[in-house]
Amino acid sequence: MTTVTPDSTDTRRPSPRPPQQVTPPENLRPLLLQHFGFETFRPYQEAVCQAVTSGQDVLLVMPTGAGKSLCYQLPGLARAGTTLVISPLIALMEDQVSKLCNLGLAADRIHSGRNRLASRATCVAYLDGQLDYLFVAPERFSVPGFSSMLAKRRPVLIAVDEAHCISQWGHDFRPDYRMLREHLVYLRPVPIVALTATATPTVQDDIATQLELADAKRFIHGFRRDNIAIELVEMPPSARPETALKLLADTANRPAIVYAPTRKKAQELAELFSTRFATDVYHAGIRSQKRDDVQGRFLSGQLDVVVATIAFGMGIDKANVRTVIHMALPGSVEAYYQEIGRAGRDGQPSRAILLHSWADRRTHEFFVTRDYPDVAVIRRTYHALEEQPQTKASLGQKLQLEPDVLDTILEKLWIHGAARIDPQENASRGPDAWEKPYLAQLAHRRSQIEQISRYTQDRGCHMLYLVRHFGDQEDPGTPCGLCDTCDSDSCVVTQTSLPSVTQTRHLSRILFELRRHDGPSAGRLYTQLFGDDLARKDFEVLLGSLCRARLVQEQDASFEKEGRHIAYKRIFLTPDGRDASDDTIKNVPVVIIPTSQKKRSPKRSRGGRSKPVAVSAPSCKQLLDTPVARALVNWRLTEARRRQVPAFRIMTNRTLTAIAISRPRSEDALLALYGVGATLVDRHGKDILQLMQST
Ligand code: ADP
Ligand code: MG
């Protein structure tokens, strides 16, 4: 992928295009070959391209790598005009633009990594009708006059890529995307195609609402992967590195991507693995140049293993990844599916292994509590806002809130339109309609954690579970035959043993009870049979073992309580279970759950998060008191004005104070500070370091 420096002046001047002719939707194949060099469509592409070419609004949900881009690129050409593409990541945009230019098409882009001159030239080319594709970042629309400039010469098609970013239910919500609707209105009735790889039915509905695509034709396809063997393994965190190391030792399991829950963990694991295999690490705290380098070496086969956080992946197109290992429970089923989907793009057998335990869930819950302040505190803050803008410092004093917490709260209010925040960060009151969407968002985040936990507890086919989760329209609904439920013999991590005498007795009791009374819920079965005699966890292991041995099976059931839909599982005997002899029961393989390998160190930080150089929360007064801090505040204000965002979107007060106190001299030193990520360094690193020198 191409790296752009913030002052990039590079202009890949599009070649002037001859006037084009409109191609009818039924006749797209010649165009496919002529411009893209493809003889045939991939599954579903043709139907989607036809719908888009004919001018219908379309919502397209297909997994990464399925070939969604073609579904706007080809129709755009067929409609003979410019396609406006809204895309959230500079790197993705650059990548797409250079691919299209290499095909001899006229593509250009406008984003914050390009200077004013280059952007202006691009606008001129657009207005001149010289472009087949114009890529823009969503935040560009908040620049005054930008949408009216676009409206002077309407595109023939609008593509919203990574459209899940528009939905607050999506796993990567961007407030900038939320504003799109009001700006795209000016360009309508130009058809819109919204594309994403990750949208549950709820997110699909929200995308449709947000973009006003009520009549859009929906294409939801291709979620089943028939070459990925999924294995879910319960395991304490301390036992996981060793397990991963063993897995990777088998060359058949490499190249591999290992997903770690935090940057620090990623770093540690990469060190461990690099003693044995060519390994490097990738996360958002690493400079973009180094990240590109890691990605490049992985793609070209120089690296065997990349240990990464969720930051790794968008746009990765490496065909022969044999294994994806998750070292902890991911944040949602959507994120998890995206990540395992990077295995086996070449169609060859591959594995996805998830190591998890209940403790992982608690870590996620801890972060939710931190990131979503109590609604009463937000309400208090909201009521402290006035018609007249007031400074954050005075708000902070009035409310006696830590600057960090106040920042989080104001950001939430701002996202929901309840706080107006100018570039100087003076806040005033907006409409009082934030509480419902805020609570809904919080509930959604909680339900994502609930869903991924439920996924790990489910004893059915794991691939089928995922396919259903996304509401795939044409899936046959058959078990995959590969996962640890469908084919327990081919598991590579899960260990089993024959049941002990006590376990055999418990297994017999379960089967005996089911023969008497089939179909109870697991909870009921447990309390009826064991109560305090057996830990619930151990009971679940036994029940799971009976499921894997196909002596019992689970079925989804639900009931309504106080208007809520409550899902649970009922346990039924299979014909084999009904007839199982003592001998059969003695031979049921029982899953062994490894125990913790080392004692918890009392000093371990919660959630294992890496702790960057921290600064104790500064008072707002202190913040404005040193020359460096003042210089930073002024610079931040200029930047905020330029980008038309509140100052905290550039950096929070706490980060600013951390910089002012430690006065970093290099980009690496800057990166080590609280709240500083690679994006900040890439965008503003030079400015900040210069400020440090000159103040
Ligand atoms: P997505 O956006 O769905 O993740 P892309 O649009 O980036 O996927 O496409 C993934 C890859 O598939 C690209 O390298 C693209 O060139 C290729 N591709 C797309 N359509 C076809 C096709 N009809 N025939 C062959 N290759 C295709
Ligand atoms: Mg894509």
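Me: Helices (H or I, at least four residues) and strands (E, at least two) are DSSP runs, numbered from the N terminus. The model is predicted: local features need pLDDT of at least 70, side-chain atom pairs count only at pLDDT 80 or more, and totals for chains, interfaces and linings use all residues. Residues are numbered from 1 along each chain as its sequence is written, chains are lettered from A and ligands numbered from 1 in the order in which they are written, and side-chain values use heavy atoms, without hydrogens and water. Between which elements is Ala80 found?
Reply: Ala80 has a phi near 55°, a positive value in a residue other than glycine. Most residues other than glycine have a negative phi, and most peptide bonds are trans. The loop that holds Ala80 runs between α3 (70-78) and β2 (83-86).

Me: Is Glu562 buried or exposed?
Reply: Glu562 also has a positive phi, of about 45°, although it is not a glycine. It is placed in the loop between β17 (552-561) and β18 (564-573). Buried means under 20% relative accessible area and exposed over 50%, with partly exposed in between (1.4 Å probe, protein chains only). Because its relative accessibility is 76%, Glu562 counts as exposed.

Me: Where in the protein is confidence highest?
Reply: Confidence is given by pLDDT, the predictor's confidence in each residue, from 0 to 100. The mean pLDDT of the protein is 87, and 92% of its residues reach 70 or more. The lowest confidence is in helix α25 (residues 620-623), at a mean of 51, whereas the highest, at 98, is in strand β12 (residues 323-326).

Me: Which residues does Thr494 touch, leaving out those up to four places away in sequence?
Reply: Thr494 sits in the loop between α19 (462-469) and β16 (495-497). It counts as buried because its relative accessibility is 16%. With contact taken as heavy atoms within 4.5 Å, the residues touched by Thr494 are Glu231, Val233, Arg548 and Val591.

Me: What distance separates the C-alpha atoms of Ala239 and Ser596?
Reply: Ala239 lies in the loop between β8 (228-234) and α10 (240-249). At 3% relative accessibility, Ala239 is buried. Ala239 and Ser596 are 357 residues apart along the chain, yet the separation of their C-alpha atoms is 6.3 Å.

Me: Which residues are in contact with His684, apart from its neighbours within four places in sequence?
Reply: His684 belongs to helix α29 (residues 678-694). It is buried, because its relative accessible area is 5%. Its contacts are with Trp635, Glu639, Arg643 and Ile650.

Me: How much of the accessible area of ligand 1 does the protein cover?
Reply: A residue counts as near a molecule if one of its heavy atoms lies within 4 Å of it; of the 13 residues around ligand 1, Thr40, Gln45, Gly65, Lys68 and Ser69 come nearest. An oxygen atom of ligand 1 lies 2.6 Å from a backbone N or O atom of Gly65, and an oxygen atom of the ligand is 2.8 Å from a polar side-chain atom of Lys68. Accessible areas come from the Shrake-Rupley method with a 1.4 Å probe, and for residues only the protein chains shown count as cover. Of the 570 Å² that ligand 1 has on its own, the protein covers 73%.

Me: What is omega for the peptide bond from Arg254 to Pro255?
Reply: Pro255 is in the loop between α10 and β9 (256-259). The peptide bond from Arg254 to Pro255 is cis, with omega near 0°.

Note on methods:
Polar contact = N/O pair within 3.5 Å; in protein donor to acceptor, adjacent residues only side chain to side chain.
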